[in-house]
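This report concerns a two-chain model. Please consult the sequence and coordinates shown below while reading.

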Amino acid sequence: MFHLYLPIAGNSVNILLIFGLGGLVGILSGIFGVGGGFLMTPLLIMIGIPPTIAAASDSNQIVGASTSGTLAHYKMGNVDFKMGILLLIGGVAGGTLGVQVIKVLRQMGNADFLIKITYVLMLGFVGSYMFIESLQALRIKEVPTTIPQKKSKYAQLIGKLPWQTDFIKSGVRLSVLMPLVLGTFVGILAAIMGVGGGFIMVPVMVYLLRMPMHVVVGTSLFQILFTCVNVTIMQSYSNHTVDFILALILLLGSTLGAQFGAKISKKLKGDQLKILLASLVLVVMVKMLLDLLLTPHIMLGLKGGH
Amino acid sequence: MIRNRIWIPIIILVASFMWHPQPAGSTESVTTKHEPNLIAIGAFFNGTQLTVSGKVAAENEVVVIVKGKQEELTLKKKGKALGLLWMNLGSVHFKNVPNLYLLYSSKGIMELAASESKTWEQLGIGFESLKKQIEIEAPQAERNDLIQEFLKLKQSQKLYASHPGEISFGQKTDTEKSFNAAVWIPPQIPLGEYQVQVMEIHNGIIVGNSMDQLKVKEQGIPFMISSLAFNHSLLYGFLAVLIAVAAGLVMDFFFGTGKGGGAH
């Protein structure tokens, strides 16, 4: 009785299991401002959902979770709309560009290889950097000394860019070009890797845009919301791969989870959040690396998925 | 030279008719029935049981095969890049593969398969015969491995299954006995039409054969959702987004107010 049939996926699933998965990913989404596609899609594939349908239905679910999470963070004053919209414009441009890049890569052959290696290296680098940096920050805070704010080369460089403007919520002054260009960059990567890109976007906001961690989480969710609305409609329209029943059960779990996640996020300090996210990024990296190194159980696979 | 080559298949064809162990005319129709004839997939469908039953001669064995339509399939092939990293390297195209293949047989058949493998092969039953029938565009050296992996994949998807010895016999008279096969139809079954084939086997020869149809279709909520998704896909996409946003708003309304309200 706890089973529901999924008409698009063509399989049945246990409601409680899917609800629980949704809840878990929703919590992560609310805490860290990531969509959680990296986690959800493989889990869905594991329980017998075809890869393309798992990925598309997951974006449908993320729409719900990020609506819920964005609202919760908005009420805490954690969403920088100006920054979010600029990143989004860049993201859409980058996504379109990324689709073309992947076509070229496919023609050259070895596309999968390049993508996976880039992914592992990037997650490894970003995760380790974030981990070490926030660990040091946590240690330094224990000793009550003020560190002189030196202007790094990077800060000097981005200070020279034209069209400087204030981002009030984030408390930074930057060139409009920065979020546009970085948004494009993340958009390209996300399109190539077939993921939402929250995992790359969050570190980009923290380290390259110098935004405070809590604002990063809220703004990232705001941005993810629009990306996934677009993906859901496009996938439904051109590939018929969104299973609404699956998305709905996931949604009920994840929208609830996102609310709790946002509350947990509020209780954590910026550096604690960073170190947790860094650990999560590293776990994903290790998982991907193991997938590459361990001999697969079956030497053939279905098309699609991450 | 060319003329000789044309003759070869004709000779083989004629010979095969002459040497066929059992002339086609002598197989009789087996009296069988299966229930249900139509599998309707509703909202709570989680696989179902198909009962195939009937009567055969007292000393004979029975094989039941539920088989789907032949299709073509392209799958990704995994391989090692740089001799170290496993990933998808190219794709393989499979032809002539049934989308479902469920095999049930009575115990005596297993003994036949074990002791007289040649006779067993001639019957054209089971995964071994499927292997011969499947066509792939791949070098001969890789063929066997690829087909083996293909069967593994289909079995992991529950769409191919072999249940030797799982047909039970009931009432037995001097001449007849009844058989019963409980065929498990997995929830992964694609919509469409299937053949339920029952074969009566005597000393490695098919003496009786019956073929029947089984239909699988959606009804109720799954049917409505599928029709919307395929016939009005843009509307479906917008609705999916709207409902997701609404779910987010409702959850925020019930669980999000109070604590976080308006504060910076």
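## Basis of the model

The model is predicted; local features need pLDDT of at least 70 and side-chain atom pairs count only at pLDDT 80 or more, while totals for chains, interfaces and linings use all residues. Residues are numbered from 1 along each chain as its sequence is written, and chains are lettered from A and ligands numbered from 1 in the order in which they are written.

## Chain A

Chain A holds eleven helices and five strands, where helices (H or I, at least four residues) and strands (E, at least two) are DSSP runs numbered from the N terminus. Its C-alpha trace spans about 60 × 45 × 35 Å along the principal axes. The radius of gyration of chain A is 19 Å, in agreement with the value near 19 Å for a compact globule of 306 residues; this radius is taken over C-alpha atoms, and the globule rule is 2.2 Å times the number of residues to the power 0.38.

Of the 306 residues in chain A, 53% are buried. A residue is buried if 20 or more other C-beta atoms, placed from the backbone, lie within 10 Å of its own, exposed if 12 or fewer, and partly exposed in between.

## The contact between the chains

Chain B contributes 52 residues to the contact and chain A contributes 48 residues; two residues are in contact if their C-beta atoms, placed from the backbone, lie within 7 Å. On the side of chain B that touches chain A, the elements giving two or more residues are β5 (70-81), β6 (85-98), α5 (140-156), α6 (220-231) and α7 (233-256) of chain B. The most comes from α7(B), with 16 residues.

Strand β5 (residues 300-301) of chain A pairs with β5(B) in the antiparallel sense over two bridges, pairing being assigned if DSSP finds at least two bridges between two strands. Leu300(A) has Lys77(B) in β5(B) as its bridge partner.

## Strand β12 of chain B

Strand β2 (residues 38-41) of chain B runs parallel to β12(B) and is joined to β12(B) by four bridges, with Leu38(B) opposite Lys215(B). Strand β11 (residues 192-202) of chain B is antiparallel to β12(B), with eleven bridges. A hairpin with two residues between the strands is formed by β11(B) and β12(B), and Asn203(B) in the turn has a positive phi of about 50 degrees.

Gln213(B) lies in β12 (residues 205-218) of chain B. Gln213(B) is exposed because 11 other C-beta atoms lie within 10 Å.
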